[in-house]
Amino acid sequence: MQKNGDQSFQLTFDEIQNIAGLPIDHSFLKYKKELTDYGYHVGKISMKEQTVIFNKID
């Protein structure tokens with residue numbers, strides 16, 4: 001997250017699982033709060049498309 005300079009980017013559930021080592025479930029909702037330490041927050045979680053949009057905090 002820290003190395004990504006984009007204002008906004010999207011990852012699939014599978015990509016997140018590969019990066020974080022844990023599946024997208026209720027535990028992800030708990031840990032998503034830690035993203036603010038890296039300058040990002042979760043913008044939108046799409047269960048249909050199985051993607052998560054991350055937005056940079058201004």
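1. In this note, a contact means heavy atoms within 4.5 Å. By that criterion, and leaving aside residues up to four places away in sequence, Thr51 touches Gln10, Leu11, Thr12, Phe13, Lys44, Ile45 and Ser46.

2. The model is predicted: local features need pLDDT of at least 70, side-chain atom pairs count only at pLDDT 80 or more, and totals for chains, interfaces and linings use all residues. Residues are numbered from 1 along each chain as its sequence is written, and side-chain values use heavy atoms, with hydrogens and water left out.

3. The protein has 2 helices and 3 strands (DSSP runs numbered from the N terminus: H or I of at least four residues for helices, E of at least two for strands). Along the sequence, these elements follow the pattern β-α-α-β-β.

4. Of the 58 residues in the protein, 22% are buried (buried is under 20% relative accessible area, exposed over 50%, partly exposed in between, with a 1.4 Å probe and protein chains only). The protein exposes about 4400 Å², of which carbon and sulfur atoms supply 49%; accessible areas come from the Shrake-Rupley method with a 1.4 Å probe, and for residues only the protein chains shown count as cover.

5. Among contacts between residues at least 6 apart in sequence, 53% join residues at least 24 apart.

6. Thr51 lies in strand β3, residues 51-56. Thr51 is buried, as its relative accessible area is 7%.

7. Gln50 is in the loop between β2 (40-46) and β3. Gln50 counts as partly exposed, at 42% relative accessibility. The phi of Gln50 is near 55°, a positive value in a residue other than glycine.
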